[in-house]
Amino acid sequence: MFEIKVEEEFEAAHRIVNYPGKCDRLHGHNWKVELKISGSRLDELGMLIDFKAAKAMLQEVVNSLDHRFLNELEPFSEINPTAENIARYIYQELKQREIFCNDSVHLAAVCVWESPRACATYTED
């Protein structure tokens with residue numbers, strides 16, 4: 001089994017509604033997002049997926065969040081934009097990509113870091 005990982009970053013503000021502390025107030029993060037892709041077969045070049053293609057896919061989703069107030073965006077107007085929910089959102093957006101509609105390339109995980117020491121990872125069961 002092979003696994004590749006690419007990373008992107010974005011800056012955005014949010015608040016955790018009803019949080020019993022200062023995170024209920026508007027604040028921002030320099031978010032880091034890790035995308036992990038796995039599979040057992042390589043293409044004719046010996047790649048699972050080109051790093052450039054993986055980064056472009058991730059960048060497209062991350063760009064929609066960059067320099068935004070996340071609470072105003074769908075689906076975060078209905079759920080808190082926690083690191084966990086952001087990881088799930090990015091995963092679900094990427095899962096729709098054509099590359100993941102076959103058995104040779106699998107979207108393994110999305111990890112969202114809200115600080116250098118705190119992250120949340122989403123995978124499907």
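User: In this predicted model, over the ring of which residue does the charged end of Lys-32 sit?

Analyst: A charge counts as sitting over a ring if NZ of Lys is within 6 Å of the ring centre and within 35 degrees of the ring normal. The charged end of Lys-32 lies 5.2 Å from the centre of such a ring. The ring belongs to Trp-113.

User: Is the aromatic pair of Phe-10 and Trp-31 stacked or edge-to-face?

Analyst: A pair of aromatic rings is described by the distance of the centres and the angle of the planes. For Phe-10 and Trp-31 the distance is 5.9 Å centre to centre, and the planes are 10 degrees apart. Planes under 30 degrees apart count as stacked, so the pair of Phe-10 and Trp-31 is stacked.

User: How many residues apart in sequence are the parts that the pair of Phe-10 and Trp-31 ties together?

Analyst: Phe-10 belongs to strand 1 (residues 2-14), whereas Trp-31 belongs to strand 2 (residues 27-39). Phe-10 is buried at 2% relative accessibility, and Trp-31 is buried at 0%.

User: Is His-14 buried or exposed?

Analyst: His-14 is part of strand 1. Leaving aside neighbours within four places in sequence, its contacts include His-27, His-29, Trp-31, Phe-69 and Glu-114. The relative accessible area of His-14 is 1%, and under 20% means buried, so His-14 is buried.

User: Which residue's backbone oxygen does the side chain of His-27 reach?

Analyst: His-27 lies in strand 2. Not counting residues up to four places away in sequence, His-27 touches Ala-12, Ala-13, His-14 and Arg-15. Its side chain reaches a backbone oxygen at 2.8 Å, and that oxygen belongs to Arg-25.

User: What is the phi of Asn-18?

Analyst: Most residues other than glycine have a negative phi. Asn-18 lies in the loop between strand 1 and strand 2 and is exposed, with a relative accessible area of 70%. Its phi is positive, near 70 degrees.

Conventions
Residues numbered from 1 in each chain as written. Predicted model: local features only at pLDDT ≥ 70, side-chain atom pairs only at ≥ 80, totals over all residues. Heavy atoms only, no water. Phe/Tyr/Trp six-rings, centres within 6.5 Å; stacked < 30°, edge-to-face > 60°. Helix = DSSP H or I, 4+ residues; strand = E, 2+ residues; numbered from the N terminus. Buried < 20%, exposed > 50% of the residue type's maximum accessible area, 1.4 Å probe, protein only. Contact = heavy atoms within 4.5 Å. Polar contact = N/O pair within 3.5 Å; in protein donor to acceptor, adjacent residues only side chain to side chain.
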